[in-house]
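Walk through this model from its overall fold to its core and then to its charged pairs.

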Amino acid sequence: MNRKSKYIILLSLLFVVSSALANVELEIEEDHDDVMRAVQQGLVQPFSSLKAKVSEQLHGRIIRVELEEDDDIWIYELKLIDPNNNIVKVEYDAQTLTILEIKGRGLENIIKVEQ
């Protein structure tokens, strides 16, 4: 795949993500080529899958998303605002969409309990 095609794919991915996020701030701290390789290798799930997982597990609205690599693990770092206007930080493994860490006030209001 040539460099132009990679950038077109990356820009398309970012457009889809930014459209889905609307007023959410998106930050990717890694090199674009590294991100593209990670997506192609299945190391990073698309934002639509992450958004569905967050909706399934947590109450709140995503207001910021960061994607970064840490020790060969891709991590989505999110900031959410809960129904009581508390800010909660959540880290997800970008490949498995498993919660790695969650912190903030009012966690009892943001975590959905299975019935």
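**From fold to charged pairs**

Among contacts in the protein (heavy atoms within 4.5 Å) between residues at least 6 apart in sequence, 49% join residues at least 24 apart. The model is predicted, so local features need pLDDT of at least 70, side-chain atom pairs count only at pLDDT 80 or more, and totals for chains, interfaces and linings use all residues. Residues are numbered from 1 along each chain as its sequence is written, and side-chain values use heavy atoms, with hydrogens and water left out.

The protein has four helices and five strands. Both are DSSP runs, numbered from the N terminus: helices are H or I with at least four residues, strands are E with at least two. From the N terminus on, the order is α-β-α-α-β-β-β-β-α.

Next, the surface. The protein exposes about 7200 Å², and carbon and sulfur atoms supply 48% of it. Such areas come from the Shrake-Rupley method with a 1.4 Å probe; for residues, only the protein chains shown count as cover. Of the 115 residues, 30% are buried. Buried means under 20% relative accessible area, exposed means over 50%, and partly exposed lies in between (1.4 Å probe, protein chains only).

What does the largest nonpolar core contain? It has 20 residues, and those with the most contacts inside it are Leu50, Val54, Tyr76, Leu78, Leu80 and Tyr92. Such a core is a set of buried Ala, Val, Leu, Ile, Met, Phe, Trp, Tyr and Cys residues joined through side-chain atoms within 4.5 Å. Two or more residues each come from helix H2 (32-40), helix H3 (47-57), strand E2 (61-70), strand E3 (73-81) and strand E4 (87-93). E3 gives the largest share, four residues. Leaving aside neighbours within four places in sequence, Leu50 is in contact with Tyr76, Leu78, Tyr92 and Leu97. In soluble globular proteins, nonpolar side chains tend to be buried together.

Now the charges. The whole structure holds four salt bridges. Each is a side-chain nitrogen of Lys or Arg within 4 Å of a carboxyl oxygen of Asp or Glu. One joins Asp34 and Arg37 (2.6 Å, N to O). These two are three residues apart in helix H2, so about one helical turn separates them. Asp34 is partly exposed at 27% relative accessibility, and Arg37 is partly exposed at 39%.

Another salt bridge joins Arg64 and Glu66 (2.9 Å, N to O). Are these residues buried or exposed? Both Arg64 and Glu66 are buried. Lys103 pairs with Glu101, their closest N and O atoms being 4.0 Å apart.
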